[in-house]
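My notes follow in the order in which I looked.

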Amino acid sequence: MKHIDVKQIFEEPAFGGEVTVCGWVRTARDSKNVAFIELNDGTSLPHIQIVIDKSGNTNCDAEAMRLGTSVKVTGTVVEGREGKPEINAKEVSVIGTCPLEYPLQKKRHTLEFLRTMPHLRGRTNTFNAVMRVRSVLAEAIHTYFQERNYVYVNTPLITGSDCEGAGEMFQVTTIGYSDGFKNAEEYYAADFFGQRAGLSVSGQLEGEMAAMAMGKIYTFGPSFRAENSNTPKHLAEFWHVEPEVAFAELPDVIEIAEDMLKHVIGTLLEKCPDEMAFFDRHFENGIIERLRDLISHKFATITYTEAIEELKKSGEQFVYPVEWGLDLQTEHERYISEKVFGRAVFVTDYPKEIKSFYMKQNPDGKTVAAVDLLVPGVGEIIGGSEREADYDRLVAAMEDRGMDMSPYGDYLDLRRYGSVPHGGFGLGFERLIMYVTGVQNIRDVILFPRTVGGIR
Ligand code: 4AD
């Protein structure tokens with residue numbers, strides 16, 4: 001269908017010229033002589049106003065005035081209120097009709113209500129803005145890494161090894177319900193891969209292998225977590241950005257994380273002024289200022305041990321009592337980033353017992369070279385570390401955890417052939433979107449959320 005994007009009319013309004021646009025009716029007002037349609041085609045947050053002069057020769061089907069109807073409009077671009085372009089219609093034709101009981105009426109619907117209709121909620125201003133922010137951030141992430149010699153690699157989604165070692169893997173099987181096996185070994189041996197397989201919780205282990213060849217790599221794809229966490233910040237399927245860098249130690253990893261975030265947030269502010277103004281108005285007052293502030297200051301850094309001290313002296317009543325060794329919960333993370341620092345903060349050097357087997361062990365014998373980035377409003381958005389590059393120490397760490405080494409043969413082998421200090425991190429893409437938009441539930445920053453007990 002020959003037509004132009006509404007966004008193009010807003011960006012380069014050719015006043016006096018004739019255009020054809022297509023879109024869905026967002027609002028419609030009818031009076032005796034003139035009718036107005038606010039049309040949105042999804043390319044821009046603002047709608048374009050269509051003016052229909054009923055006394056003239058405009059062809060306009062009555063059904064074109066119904067919310068949700070898709071229409072094609074041909075007309076002249078004119079300067080409307082506040083100098084904004086609008087279209088004086090010559091012809092308005094209905095592409096797809098919409099019944100009066102269209103669920104998205106003119107009023108503002110709650111996000112909970114919109115979750116019940118994932119197929120339609122993309123047509124609301126909120127999702128229009130969220131999805132565009134998502135798209136711009138994704139491109140900015142690729143650009144950041146591509147411009148700095150990182151190779152974009154695609155790691156497998158089906159895997160035989162559990163990267164985080166936390167048993168949060170969805171099982172992949174082609175055998176349906178069956179009681180025809182004597183034991184688990186027999187069952188797995190008969191299954192598709194001849195062994196136990198699952199959906200990957202992280203591309204890191206394969207990412208490390210790629211970094212040991214290409215120096216600097218990143219992945220950007222889905223990760224899966226079967227954690228039974230029904231919270232506003234957990235998805236069963238989330239998008240994961242995982243850079244991995246050879247010849248890098250923990251301070252290098254921290255520097256990359258900060259630089260990357262500043263780049264992508266800077267790009268967002270530049271490319272999405274309408275969307276960010278919308279979030280500032282409707283979701284978090286002052287968010288633009290807060291993000292500007294974030295990108296112009298150095299992030300704070302604190303060790304885990306110091307963070308525990310801060311929490312202990314806070315006088316707050318936390319649900320999870322604070323002791324050295326505690327796995328920081330969202331309440332603690334938010335206290336540190338919101339009350340202690342009031343900005344983004346890297347927490348480093350966690351107790352080895354609460355972190356994954358692959359993290360480099362610090363000389364103190366108690367902690368590992370791990371880092372989490374905590375931000376106000378959300379808590380953790382990045383988790384990373386320097387990796388254990390020494391074969392014997394890695395084997396010892398795995399033995400300490402009682403891990404079955406067999407799925408990790410290649411990973412361990414990597415330490416035998418020119419092992420180097422290396423590290424990386426994982427950024428939860430949806431958590432980043434929550435942070436930059438002020439949207440408080442992760443289900444509202446991805447079109448089709450998969451959560452515990454929630455799939456369609
Ligand atoms: O801290 P995590 O578990 O770290 C890893 O997976 C490492 N292998 C990353 C690496 O070093 N390459 O996860 C990293 C980030 C978290 O900080 C969080 O932002 C996000 O992934 N994340 C989730 N996001 C949404 N829903 C979930 N269930 C998530 N679990 C982790």
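A backbone N or O atom of Gly 428 lies 3.2 Å from an oxygen atom of the ligand, and one of Phe 425 lies 3.5 Å from a nitrogen atom of the ligand. Taken alone the ligand exposes 630 Å², of which the protein buries 93%, by the Shrake-Rupley method with a 1.4 Å probe.

I note that the model is predicted, with pLDDT of at least 70 needed for local features and 80 or more for side-chain atom pairs, whereas totals for chains, interfaces and linings use all residues. Residues are numbered from 1 along each chain as its sequence is written, and side-chain values use heavy atoms, without hydrogens and water.

Next I looked up the shell, where 25 residues surround the ligand, each with a heavy atom within 4 Å of it. Strand β15 (a DSSP run of E, at least two residues) gives the most to this shell, with five residues.

Last I turned to His 422, which sits in strand β16 and is buried, with a relative accessible area of 1%, where buried means under 20% (1.4 Å probe, protein chains only). A polar atom of the His 422 side chain lies 2.8 Å from the backbone oxygen of Val 420.

Methods
Polar contact = N/O pair within 3.5 Å; in protein donor to acceptor, adjacent residues only side chain to side chain. Helix = DSSP H or I, 4+ residues; strand = E, 2+ residues; numbered from the N terminus. Buried < 20%, exposed > 50% of the residue type's maximum accessible area, 1.4 Å probe, protein only.
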